[in-house]
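Colleague: I have the new model open on my screen. Can you walk me through it?

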Amino acid sequence: MSTDLKYLAFTAILTASLWIPYIVAQVMTNGSLKPQNYVDPTQRPLPLWGKRADRTYINAVETFAPFAALVIAAHLAGKANAMTAFWAMAFFWLRLAMPPSTCSAYPM
């Protein structure tokens with residue numbers, strides 16, 4: 001497996017796991033989901049870190065598809081090289097660093 005595809009897989013795993021902090025915030029704030037919560041669509045209050053976790057997850061989902069398309073296209077075209085590997089690694093490591101850095105990036 002090429003470095004590009006390896007970091008694409010790592011990014012997919014990271015993106016798939018970024019919803020967990022948001023759910024933890026929901027459960028810590030509102031308790032476990034109860035049947036009446038399915039009927040009442042009112043937003044429940046969340047701590048700021050929970051809102052930021054949700055925004056981080058949404059951003060990761062939005063940016064994953066273009067990233068995956070570029071990595072796969074480069075691989076299929078046979079154009080993957082050290083530069084594409086560098087940018088795939090950079091995308092993953094910067095995405096990994098993003099959740100902690102969003103603590104003050106988006107004021108409420």
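Modeller: A term to start with: a residue counts as buried when its relative accessible area is under 20%. Leu 18 has a relative accessibility of 9%, so Leu 18 counts as buried. Bear in mind that this is a predicted model.

Colleague: Where is Leu 18 found?

Modeller: Leu 18 sits in the loop between α1 and α2. Its C-alpha is separated by 9.9 Å from that of Arg 55, although the two are 37 residues apart along the chain.

Colleague: Stepping back, how many helices and strands does the protein chain have?

Modeller: There are five helices and zero strands. Read from the N terminus, the order of elements is α-α-α-α-α.

Colleague: And what share of the residues is buried?

Modeller: Buried residues account for 24% of the 108 residues in the protein chain. On contacts, take those between residues at least 6 apart in sequence: 84% of them join residues at least 24 apart.

Colleague: Tell me about α4. How many residues has it, and what does it span?

Modeller: Helix α4 covers residues 48–76, which is 29 residues. From first C-alpha to last it reaches 42 Å, close to the 42 Å expected at 1.5 Å a residue.

Colleague: Where does the kink in α4 lie?

Modeller: At Phe 64, shortly before the proline Pro 66, and the kink is about 30°. Just after α4, Gly 78 has a positive phi of about 75°.

Colleague: Which residues of α4 are buried?

Modeller: Gly 50, Arg 52, Ala 53, Thr 56, Ala 60, Phe 67, Ala 68, Val 71 and Ala 74.

Colleague: OK, packing. How do you describe two packed helices?

Modeller: By the angle between their axes and the distance between the axes. For helix α1 (residues 3–17) and α4, the angle is about 160° and the axes are 10 Å apart. That makes α1 roughly antiparallel to α4, since an angle over 145 degrees counts as roughly antiparallel. The crossing of α1 and α4 is left-handed.

Colleague: Which residues make the contact between α1 and α4?

Modeller: From α1: Asp 4, Leu 5, Tyr 7, Leu 8, Thr 11, Ala 12 and Thr 15. From α4: Tyr 57, Ala 60, Val 61, Phe 64, Phe 67, Ala 68, Val 71, Ile 72 and His 75.

Colleague: What about Gln 26, buried or exposed?

Modeller: Gln 26 is in helix α2, and at 18% relative accessibility it counts as buried. Leaving aside neighbours within four places in sequence, Gln 26 contacts Gly 31, Arg 44 and Leu 46.

Colleague: Last one. Where is Lys 79 found?

Modeller: In the loop between α4 and α5 (82–101). Lys 79 has 60% relative accessibility, so it counts as exposed. Setting aside neighbours within four places in sequence, Lys 79 contacts Ala 74 and Thr 84. Ala 74 is one of the buried residues of α4.

Key: Residues numbered from 1 in each chain as written. Predicted model: local features only at pLDDT ≥ 70, side-chain atom pairs only at ≥ 80, totals over all residues. Heavy atoms only, no water. Helix = DSSP H or I, 4+ residues; strand = E, 2+ residues; numbered from the N terminus. Expected span 1.5 Å × (residues − 1). Bend = angle between axes of the 7 residues up to and from the residue. Buried < 20%, exposed > 50% of the residue type's maximum accessible area, 1.4 Å probe, protein only. Contact = heavy atoms within 4.5 Å. Axes fitted to C-alpha atoms, helices over the stretch in contact; angles between N-to-C directions. Parallel < 35°, antiparallel > 145°, perpendicular 65-115°, else oblique. Left-handed = near helix turned anticlockwise from the far one by under 90°.
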